[in-house]
Amino acid sequence: MIFIMENLAAEIHWKTLFLALPRGGIAKAFPSEEACDSRLHLVRFPRGIRCLNCNSPELSYLADKGFYHCKSCRNQFSPRQGTVFERRNLTLQQWFLGAELATTAHAMNKTSVIFSIRSVMVRLSVARQTAVRVKREIPHELLQSNGGLLGQCISLEPVEIPSFFTLGTQEHLVWLNEKLNEKRR
């Protein structure tokens, strides 16, 4: 019974993330690295950028390095610091596209086709070794609460679940499947 409930929760999670994907897809919603960077800033710092060390809003931007410099504690940081994006050679756009692939594959229960190593290599224009790492890391990040930082970055459409449903039930999943079928039309 626990295994069934875990599968039910995972299926609900993936389908909810899928329904939150932007209409027209990630490539249309985030056509450039700058658009992805803006979205990361908005999600990571919803009340404005603050120092990750001392929380001070007194910052200057070092454009040539892509870092912020705190005027209070002299800490330098990037919005990627402390996230899944830190010290990775992938662009944010590649992360976002990979997340869309993973979300679609898991929501449709077609991971062996949509999220295969080959499809990741082609869609993200990366080498096989990178595709293997992406295939492992992206689903792990997306399975975090609310999809993790990556899931929050790609989730643009609100999913309003009727209040009369008990969340996490078979009834909830049936409702999500109906919405999923509507979105695919």
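**Stop 1**

Select the hairpin of β1 and β2, where 4 residues lie between the strands and Gly 66 takes a positive phi near 75°. Strands here are DSSP runs of E with at least two residues, numbered from the N terminus, and two of them count as a pair if DSSP finds at least two bridges between them.

Before moving on, some housekeeping: this is a predicted model, with local features needing pLDDT of at least 70, side-chain atom pairs counted only at pLDDT 80 or more, and totals for chains, interfaces and linings using all residues. Residues are numbered from 1 along each chain as its sequence is written, and side-chain values use heavy atoms, leaving out hydrogens and water.

**Stop 2: β1 against β2**

Now color residues 67-70, which make up β2; 4 bridges join this strand to β1, and the two run antiparallel. Pick Leu 62 and you'll find Phe 67 of β2 standing opposite. Then try Tyr 61: the bridge partner in β2 is Tyr 68.

**Stop 3: on to β3**

Keep Tyr 68 selected and look across to β3, where Phe 77 stands opposite. β2 and β3 are antiparallel too, joined by 2 bridges. Their hairpin has 5 residues between the strands, and Arg 74 in that turn has a positive phi of about 70°.

**Stop 4: zoom out**

Show the 3 strands together: they form an open antiparallel sheet in the order β1-β2-β3. At the edges sit β1 (59-62) and β3 (76-77), each pairing on one side only.
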